[in-house]
Amino acid sequence: MNMAQRITITLPDNLHERLQMFKESLNVSGVCQQAIDLAIQIEEIKLRTLRQ
């Protein structure tokens, strides 16, 4: 079974204000998950590159 962990993120005021207009049409959790996954993939590629 896949467990999910809850985290808290902090947004600057200007980004939070911009988000308010679209939060009903965006899956904010999904967007954050995708961004974190992509950032981790980039770091993993960097590590593999350094090890070669």
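Student: How many salt bridges does a search of the whole structure find?
Tutor: This is a predicted model, and side-chain atom pairs count only at pLDDT 80 or more. With that limit, the search of the whole structure gives a count of one salt bridge.

Student: Which residue forms a salt bridge with Glu43, and how far apart are the closest N and O atoms?
Tutor: A salt bridge needs a side-chain nitrogen of Lys or Arg within 4 Å of a carboxyl oxygen of Asp or Glu. The partner of Glu43 is Lys46, and their closest N and O atoms are 3.1 Å apart.

Student: Where do Glu43 and Lys46 sit in the secondary structure, and what separates them along the helix?
Tutor: Both residues belong to helix α2, which covers residues 28-51. Because Glu43 and Lys46 are three residues apart in that helix, their separation is about one helical turn.

Student: What is the relative accessibility of Glu43, and what is the relative accessible area of Lys46?
Tutor: Buried means under 20% relative accessible area and exposed means over 50%, with partly exposed in between. Glu43 counts as partly exposed at 43%. Lys46 is also partly exposed, and its value is 45%.

Student: How many helices and strands make up the secondary structure?
Tutor: One of the helices is α1, at 13-20, and Leu11 lies in the segment before it. Another is α2, which holds the Glu43 and Lys46 pair. The secondary structure of the protein comes to two helices and zero strands.

Student: What percentage of the 52 residues count as buried?
Tutor: The cut-off for buried is under 20% relative accessible area. Leu11, at 29%, is partly exposed, so this leucine is not among the buried residues. Of the 52 residues of the protein, the share that count as buried is 4%.

Student: How much of the accessible surface belongs to carbon and sulfur atoms?
Tutor: The accessible surface of the protein comes to about 5500 Å². The part that belongs to carbon and sulfur atoms is 57%.

Student: Which residues form a nonpolar patch on the surface, and what is their accessible area together?
Tutor: The patch consists of Met21, Phe22, Leu26, Val28 and Val31. Val31 lies in helix α2 and counts as partly exposed at 43% relative accessibility. Together, the five residues of the patch have an accessible area of about 470 Å².

Student: How far apart are the centres of the positive and negative side chains?
Tutor: The protein has 6 positive and 6 negative side chains. The centres of these two sets are separated by 6 Å.

Student: How far apart in space are Leu38 and Arg18, C-alpha to C-alpha?
Tutor: Leu38 is part of helix α2 and is partly exposed, at 49% relative accessible area. In sequence, Leu38 and Arg18 are 20 residues apart. In space, C-alpha to C-alpha, the two are separated by 23 Å.

Student: What is the C-alpha to C-alpha separation of Leu47 and Gln20 in space?
Tutor: Leu47 belongs to helix α2 and counts as partly exposed at 44% relative accessibility. Leu47 and Gln20 are 27 residues apart in sequence, and their spatial separation is 37 Å.

Student: How far apart in space are Ile45 and Asp13?
Tutor: Ile45 lies in helix α2, where its relative accessibility of 45% counts as partly exposed. Ile45 and Asp13 are 32 residues apart in sequence, and from C-alpha to C-alpha the distance is 33 Å.

Key
Residues numbered from 1 in each chain as written. Predicted model: local features only at pLDDT ≥ 70, side-chain atom pairs only at ≥ 80, totals over all residues. Heavy atoms only, no water. Helix = DSSP H or I, 4+ residues; strand = E, 2+ residues; numbered from the N terminus. Buried < 20%, exposed > 50% of the residue type's maximum accessible area, 1.4 Å probe, protein only. Areas by Shrake-Rupley, 256 points an atom, 1.4 Å probe, with all protein chains shown as cover. Lys, Arg positive; Asp, Glu negative; His and termini not counted. Charge placed at Lys NZ, Arg CZ, Asp CG, Glu CD. Patch = residues over 30% accessible without salt bridge, like charges linked within 9 Å, V, L, I, M, F, W, Y side chains within 5 Å.
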